[in-house]
Amino acid sequence: MDTPWQIELLGRLRAVQPDRSVARFRTQKTGALLAYLAYRRERPHPREELIELLWPESDPAAGRASLSTALASLRRQLEPPGVPQGAVLQASRASVQLSPTATATDVDRFESALQAAARARGEREQEEWLAQAVQCYRGELLPGYFEEWILPERQ
């Protein structure tokens, strides 16, 4: 895979590559799963943690089935034919993670630009970094999604 997926979390949820865009997901929970994995790309997430986060009312077997179905759906969308399995969505029996080299987020670019602006040595440099941050910010974090983990992050 030559170009990483750009995952937009600010203003909408969408995954974009130069030749394709994914903005519709099998279910709202499938979209929320992608959003959580993208927002926290830095580490693998235990499957049990994901089940408890997204399907807390399910019994263990139903939660595992729901997670497996959501992962299969995301894999079909993010790893179409010709893309090796695991190139984007890295899943083992114990954990799940988006590949940090195959994905990037607008949140990361936004936060990096703000940090660079804070370290800027002059007003002009600071203005350039802040302008980049403004370009990344298309709206609040994940509008239309109301999972518990999103609300504090949105604040």
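# Helices and sheets in a predicted model

Helix α1 spans residues 28-39, and its twelve residues reach 16 Å from the first C-alpha to the last, close to the 16 Å expected at 1.5 Å a residue. The structure described here is a predicted model.

Helix α1 is mostly covered, with ten of its twelve residues buried. The buried residues of α1 are Thr 30, Gly 31, Ala 32, Leu 33, Leu 34, Ala 35, Tyr 36, Leu 37, Ala 38 and Tyr 39. The helix lies across strands β4, β5 and β6, and runs at about 75 degrees to β6.

Leu 33 belongs to helix α1. Because its relative accessibility is 0%, Leu 33 counts as buried. When residues up to four places away in sequence are not counted, Leu 33 touches Leu 50, Leu 54, Leu 67, Ala 70, Leu 71 and Leu 74. With Leu 54, which stands 21 residues apart from Leu 33 along the chain, the C-alpha separation is 7.5 Å.

Leu 54 is also among the contacts of Glu 147. Glu 147 is placed in the loop between α5 (123-136) and α6 (150-154). Its relative accessible area is 11%, and Glu 147 is therefore buried. Apart from neighbours within four places in sequence, Glu 147 is in contact with Lys 29, Ala 32 and Leu 54.

## The packing of α2 and α3

Helix α2 (residues 47-54) packs with helix α3 (residues 60-78) at an angle of about 95 degrees, and their axes are 9 Å apart. The two helices are therefore roughly perpendicular. On the α2 side the contact is made by Arg 47, Leu 50 and Ile 51, while α3 contributes Gly 63, Arg 64, Leu 67, Ser 68 and Leu 71. Classed by type, the residues of this contact are four nonpolar, two polar and two charged.

Helix α3 has 19 residues and reaches 27 Å from its first C-alpha to its last, close to the 27 Å expected at 1.5 Å a residue. Gly 63, Leu 67, Ala 70, Leu 71, Ser 73, Leu 74, Arg 75 and Leu 78 are the buried residues of α3. These buried residues pack against β1 (5-8), β2 (14-17), α1, α2, β5 and β6.

Three strands form an open sheet in the order β4-β6-β5, with antiparallel pairing. Strands β4 (45-46) and β5 (89-91) stand at the edges, and because each has a single partner strand, one side of each is left without a neighbour in the sheet.

Strand β6 (residues 95-98) pairs with β4 in the antiparallel sense over two bridges. In this pairing His 45 has Val 96 of β6 as its bridge partner, and Pro 46 stands opposite Ser 95. Strands β5 and β6 also run antiparallel and are joined by three bridges. Val 96 of β6 is the bridge partner of Ala 91. A hairpin of three residues joins β5 to β6.

In a regular strand the side chains alternate between the two faces of the sheet. In β6 both faces are covered: Ser 95 and Gln 97 on one side are buried, as are Val 96 and Leu 98 on the other.

## The sheet of four strands

A further open sheet contains four strands in the order β3-β2-β1-β7, and its pairing is mixed. Its edge strands, β3 (20-22) and β7 (103-105), each pair on one side only. From one strand to the next, the twist averages 20 degrees.

Strands β1 and β7 run parallel and are joined by three bridges. Gln 6 stands opposite Ala 104 in β7. Helix α4 (residues 106-119) packs on this sheet, where α4 touches β1 and β7, and its direction makes about 55 degrees with that of β7.

## Strand pairings

| Strand pair | Sense | Bridges |
|---|---|---|
| β4 and β6 | antiparallel | two bridges |
| β5 and β6 | antiparallel | three bridges |
| β1 and β7 | parallel | three bridges |

How values were computed:
Residues are numbered from 1 along each chain as its sequence is written. This is a predicted model: local features need pLDDT of at least 70, side-chain atom pairs count only at pLDDT 80 or more; totals for chains, interfaces and linings use all residues. Side-chain values use heavy atoms; hydrogens and water are left out. Axes are lines fitted to C-alpha atoms, for helices over the stretch in contact, and angles run from 0 to 180 degrees between N-to-C directions. Angles under 35 degrees count as roughly parallel, over 145 as roughly antiparallel, 65 to 115 as roughly perpendicular and the rest as oblique. Contact means heavy atoms within 4.5 Å. Ala, Val, Leu, Ile, Met, Phe, Trp, Tyr, Cys and Pro count as nonpolar, Asp, Glu, Lys and Arg as charged, and the others, Gly among them, as polar. The expected span of a helix is 1.5 Å times one less than its number of residues. Buried means under 20% relative accessible area, exposed over 50%, partly exposed in between (1.4 Å probe, protein chains only). Two strands pair if DSSP finds at least two bridges between them.
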